[in-house]
Amino acid sequence: MAVDTTNQAVGPVRRLEELRKRYFPGVCVSVTIGIAASFLSQHYGAPAMLMALLLGLAFNFLSQEPNCLPGLELSAKTLLRLGVALLGLRITFGDVLTLGWAPMLMVCSAVVLTIGFGILMARMLGFSSSFGTLTGGSVAICGASAAMAISSVLPNDEQAKRNTLFTVISVTTLSTLAMIFYPMISTALGFTPQESGLFIGATIHDVAQVVGAGYSMSSEVGDLSTFVKLLRVAMLVPIVMTIGLVIRRAARNSGESSGKGVAIPGFLLGFVALFTLNSLGWIPAQVRDPLADSSSWLLLTAIAALGVRTQLKDILSVGWKPVLLVVLETLFIALLILAYIKLF
């Protein structure tokens with residue numbers, strides 16, 4: 001008896017075609033904006049994340065196109081989480097242990113204290129603890145990438161989306177300014193290369209700006225500042241897990257549904273798994289390096305999609321208090337690290 005495999009083959013092909021039609025337009029828009037942002041960054045020195053966001057805002061009209069919406073949603077959420085998970089390939093246990101215990105404790109305590117300061121100042125300025133956690137975490141850990149990761153476990157609504165976009169813009173702008181001025185401050189204060197590396201790596205928000213500031217001084221400063229920064233990136237996992245657990249417990253105590261049913265998001269488990277495998281040397285360099293590089297592209301694509309989905313007037317309507325909050329958090333972690341260096 002002959003078996004007709006025609007219908008069996010048509011089924012998967014048809015589903016793939018449906019997925020392509022549903023998601024391709026929005027994903028294509030996001031990727032194209034990301035490529036344009038990367039071009040501007042490489043040729044004019046502008047921060048790629050900020051360029052992706054601003055270009056995305058310029059194409060906000062595409063968010064009104066029904067054909068683009070599913071792909072934009074996929075880029076802003078699924079690709080974001082995949083990009084965060086792949087960040088685990090950028091750091092190993094050896095990188096962390098190279099710093100020694102004293103700098104590790106200094107950096108970890110600065111991260112926790114900065115987040116606490118952000119929550120406290122947010123409440124004093126009339127904002128929610130969630131907003132303080134978002135801005136404080138992005139300043140304390142790794143800028144725009146941390147803002148995206150933290151926002152993924154916070155309650156999701158239109159206000160949360162605006163808060164995330166504002167945080168990305170503000171921390172990227174301040175990180176760029178820090179890249180310019182912090183090496184000057186280190187030189188003016190007479191820091192040794194080790195002290196300069198600790199100061200730059202522990203205070204500047206985004207990884208790219210840390211690399212730019214560190215290597216603008218010397219290779220030694222650049223290497224150490226990059227290691228310190230990667231330690232802050234490693235703090236992303238326990239911090240986001242803790243935030244997710246706190247939100248889930250608060251929702252359970254109030255008798256509400258948190259909307260975040262998974263206490264430990266899958267992308268964070270992926271981060272830990274890749275971090276561990278990379279530390280053990282079980283991932284070949286020819287596989288690890290392209291995947292690690294792709295994390296930047298995925299995050300860039302996610303930022304572009306968020307920009308397309310957001311209206312500029314929503315960002316401009318935030319007022320001066322949120323700006324003050326992020327500036328105070330930035331000054332807090334800088335002064336805290338300066339105090340650590342001078343006292344210890």
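1. Let me start with the cavity lining: by class, the largest cavity has four nonpolar, no polar and one charged residues around it. Here Ala, Val, Leu, Ile, Met, Phe, Trp, Tyr, Cys and Pro count as nonpolar, Asp, Glu, Lys and Arg as charged, and the others, Gly among them, as polar. The lining residues are Leu87, Arg90, Val207, Leu230 and Val233.

2. A note on the basis: this is a predicted model, in which local features need pLDDT of at least 70 and side-chain atom pairs count only at pLDDT 80 or more, while totals for chains, interfaces and linings use all residues. Numbering runs from 1 along each chain as its sequence is written, and side-chain values use heavy atoms, with hydrogens and water left out.

3. A cavity is a set of points on a 1 Å grid over the protein atoms alone where a 1.4 Å probe fits but cannot get out; lining residues have an atom within 4 Å of a point.

4. On confidence (pLDDT, the predictor's confidence in each residue, from 0 to 100), the protein averages 84, and 91% of the residues score at least 70. Please treat residues 257–263 separately: their pLDDT is below 50, and beyond near neighbours in sequence this stretch has 14 contacts in the model, a contact being heavy atoms within 4.5 Å.

5. Buried means under 20% relative accessible area with a 1.4 Å probe, protein chains only. Among them are Phe131, Leu134 and Val139.

Key. Buried < 20%, exposed > 50% of the residue type's maximum accessible area, 1.4 Å probe, protein only. Helix = DSSP H or I, 4+ residues; strand = E, 2+ residues; numbered from the N terminus. 1 Å grid on protein atoms, 1.4 Å probe; cavity = no way out; pocket = protein on both sides within 12 Å on 5 of 7 lines; lining within 4 Å.
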